[in-house]
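Trainee: I have a structure to read and some questions about it. Can we go through them one at a time?

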Amino acid sequence: MAVISYRQALHDTLRAELQRDENVLLLGEEIGVFEGSYKITAGLLAEFGPRRVRDTPISEEGFTGVAIGAAMMGLRPVVEIMTINFSLLAIDQIVNNAAKMRSMFGGQASVPLVIRTPGGGGQQLSATHSQNLEVWYAHVPGLKVVAPATPADAKGLLTAAIRDDDPVIMLENLALYNTRGEVPDGEHAGQIGQAAVLKPGSDITVIGYSRAAVIALDVARRLATDGVSAEVIDLRSLRPLDRDTVCASVRKTSRAVIVEDDWLSYGIGAEIAATIAEGAFDYLDAPVRRVAAAEVPLPYAKPLELAALPDAAVLTRVIRQTLDATRYPR
Amino acid sequence: MAEGRAQKAASSSAGARRGQSRTRSPARTRSPAGHRAASGGEDPAVLRGYYRQMVLIRAFEVRAAEMYTRAKIGGYCHLNLGEEATVVGLVAALREDDYLFTTYREHGYALARGADPGRVMAELFGRVDGLSRGRGGSMHLFDPGIRLLGGYGIVGGQLPPATGAAFALAYRGGPGPDRPAVMCLLGDATTNIGAFHESLNLAALWRLPIVYVIVNNHLGMGTPVEAAAAEPDLWKRGCSYRMPGQRIDGNDVLTVREAARAALEQARGEYQPVLLEAVSYRLRGHSVVDPAKYRTAEDTERLRRGDPLPAFRAGLVADGTLDEQAAAAIDAEADQTVAAAVDYADASPSPDVSTLFDYVYATPVAGTYQGLPGDPAAGTGEGSQ
């Protein structure tokens with residue numbers, strides 16, 4: 001296993017899939033000559049040419065829809081939408097076409113499409129460039145939504161997404177691109193719809209995805225030195241959602257905290273909390289808590305931005321409160 | 001029985017396509033009878049085939065409206081009544097290997113392309129034998145066998161995927177007279193939406209084999225074109241993308257066919273996309289439930305003059321292509337075909353509730369939630385694993 005960055009894992013996977021299958025092609029803004037806003041596609045235009053690596057105008061609705069139509073015809077387009085914020089320009093195509101074609105045409109159309117797009121705040125990009133809108137897509141039957149937290153899963157889930165016959169939204173994260181980790185060499189296709197237990201534990205279950213899963217693991221490791229045994233679950237897939245892994249863990253630990261970068265109300269954490277209420281109610285020793293972003297358009301000023309986003313300190317505090325809780329609120 | 005009818009419909013439309021001359025008609029003069037004189041060299045059998053298709057669409061749509069009022073058809077139901085010449089002319093220009101994307105006003109296109117009328121009606125009825133297995137309804141007919149890649153319900157939503165289908169064709173090979181092309185229909189009001197402009201720009205920029213056809217029936221629901229489009233000569237909007245195009249008389253089936261055929265040849269032969277505007281009329285409201293109270297007296301008079309079907313029929317009878325008896329026989333045959341389609345749809349069962357989750361995913365993930373309303377999303381762990 002090589003230790004490489006999340007960015008490198010994505011790049012290498014795209015390259016391998018382009019080599020493997022002539023039907024795989026990349027579309028997106030600035031992915032070719034400019035080599036990608038976040039350099040995921042660096043060198044791929046030079047290697048594969050403009051037929052396979054297609055720079056697009058700033059037309060998210062247009063090129064996302066083009067990719068949908070191309071996928072209907074048997075190609076396997078991988079679209080890069082520069083950030084998830086811009087996917088709103090394409091949401092009609094994603095929600096009303098990609099997600100629905102197979103079902104509404106009676107199983108006669110396939111849309112083997114991948115949309116890669118990073119979310120995340122914390123880069124002082126302010127309100128319109130820092131959002132976590134994955135729950136909008138996770139809400140929609142017909143789509144699959146994956147959110148790798150580690151370089152290994154970046155490879156595994158992107159490989160699986162490209163080979164999947166359904167439309168897959170692949171949520172990346174600006175803050176993860178430079179993170180490093182071990183990645184299996186050679187063929188490594190993950191399983192869409194399976195959460196991962198990043199760290200086993202017995203006192204409390206901490207559930208996250210994407211950047212928040214990384215924070216959760218970091219916090220759990222630090223708490224371990226303090227005698228707290230926290231089990232960390234990385235959801236990895238937001239649709240389909242692996243409810244069994246979540247509930248099995250909470251039945252074991254009896255306490256749960258969810259950490260997420262999206263806004264609290266109606267967020268991924270709300271879905272997880274409801275899942276736990278249905279699947280592990282009798283096992284709970286404390287109310288399920290959510291650690292999520294403050295519900296404001298993310299401000300530019302650094303102190304405000306920091307205050308609005310969940311971090312390790314806040315998560316640590318809420319885990320301790322949950323461990324101490326007999327009733328909530330105290 | 002339904003299959004027999006389908007073969008008949010398919011073979012008649014395919015035969016019409018095969019029978020078409022590939023030479024351009026020299027003159028664009030138009031007879032007052034609603035079609036150019038048959039002396040232009042058109043095979044009378046082809047003309048009779050077009051009449052047969054137009055009558056079938058008319059009969060089908062009239063019956064669909066009736067079925068809607070009898071609650072056999074639910075949801076929205078948009079009819080091609082009055083647009084038969086446009087529909088038949090456009091579809092006649094397509095080759096069998098071409099692809100067609102339509103709007104939600106699409107029954108006629110499916111029929112003209114050769115879809116089984118019984119399966120079209122069954123889809124309107126929401127039955128398992130429907131063209132989309134009862135999942136789509138009137139707005140979402142899909143038939144890969146005739147390369148009908150969908151009716152689309154969101155205004156403009158079909159343009160990007162249609163452009164993508166053309167992208168896939170270009171991805172797989174260069175232009176040439178034997179290459180397939182894509183035809184994408186849209187309404188007049190669609191030219192105001194972003195997806196239209198983004199699609200045309202991409203098609204022109206990337207040189208894709210696609211013909212966009214605006215069916216201008218003068219009204220976006222109840223809004224006149226002039227009240228919605230700053231450039232009401234809609235085909236001119238393609239000029240921004242250096243896209244050739246023209247406005248044509250959508251009431252003349254041969255004019256429509258010739259223009260569409262030339263456009264498709266340009267699209268497939270040069271990968272030059274084209275924007276056509278067929279001026280047409282819808283005889284009824286936006287959908288079956290719309291009484292069209294916004295119509296002015298002038299509109300109504302225009303409609304009376306604009307109905308292409310009696311004009312085409314009279315012209316064919318006048319120039320001897322059809323005699324009255326043969327025309328009446330075609331009319332009766334259409335009524336019989338539609339009656340059989342209704343019977344077929346009625347006999348087809350509704351989809352079983354146990355199939356509710358079918359077709360949502362190509363590769364479902366085992367164990368994921370497929371609950372009905374009221375079902376818990378997660379098992380309690382005791383006996384639920």
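Trainee: What share of the 385 residues of chain B counts as buried?
Mentor: Keep in mind that this is a predicted model. A residue is buried if 20 or more other C-beta atoms lie within 10 Å of its own. In chain B, which has 385 residues, the share that passes is 54%.

Trainee: How many helices and strands does chain B have?
Mentor: Take the secondary structure of chain B as a whole. The count comes to 12 helices and eight strands.

Trainee: What span should helix 6 of chain B have, and how far apart are its end C-alpha atoms?
Mentor: Helix 6 of chain B covers residues 159-172, which is 14 residues.

Trainee: Which element of chain B gives the most to the side that touches chain A?
Mentor: The contact takes 45 residues from chain A and 43 from chain B. On the side of chain B, strand 2, helix 6 and helix 7 each give two or more residues. The top contributor, with nine residues, is helix 6 of chain B.

Trainee: How many of the residues on that side of chain B are nonpolar, polar and charged?
Mentor: Sort the residues of chain B that touch chain A by type. They divide into four charged, 16 polar and 23 nonpolar.

Note on methods: Residues are numbered from 1 along each chain as its sequence is written. Chains are lettered from A and ligands numbered from 1 in the order in which they are written. This is a predicted model: local features need pLDDT of at least 70, side-chain atom pairs count only at pLDDT 80 or more; totals for chains, interfaces and linings use all residues. Helices (H or I, at least four residues) and strands (E, at least two) are DSSP runs, numbered from the N terminus. A residue is buried if 20 or more other C-beta atoms lie within 10 Å of its own, exposed if 12 or fewer, and partly exposed in between; C-beta atoms are placed from the backbone. The expected span of a helix is 1.5 Å times one less than its number of residues. Two residues are in contact if their C-beta atoms, placed from the backbone, lie within 7 Å. Ala, Val, Leu, Ile, Met, Phe, Trp, Tyr, Cys and Pro count as nonpolar, Asp, Glu, Lys and Arg as charged, and the others, Gly among them, as polar.
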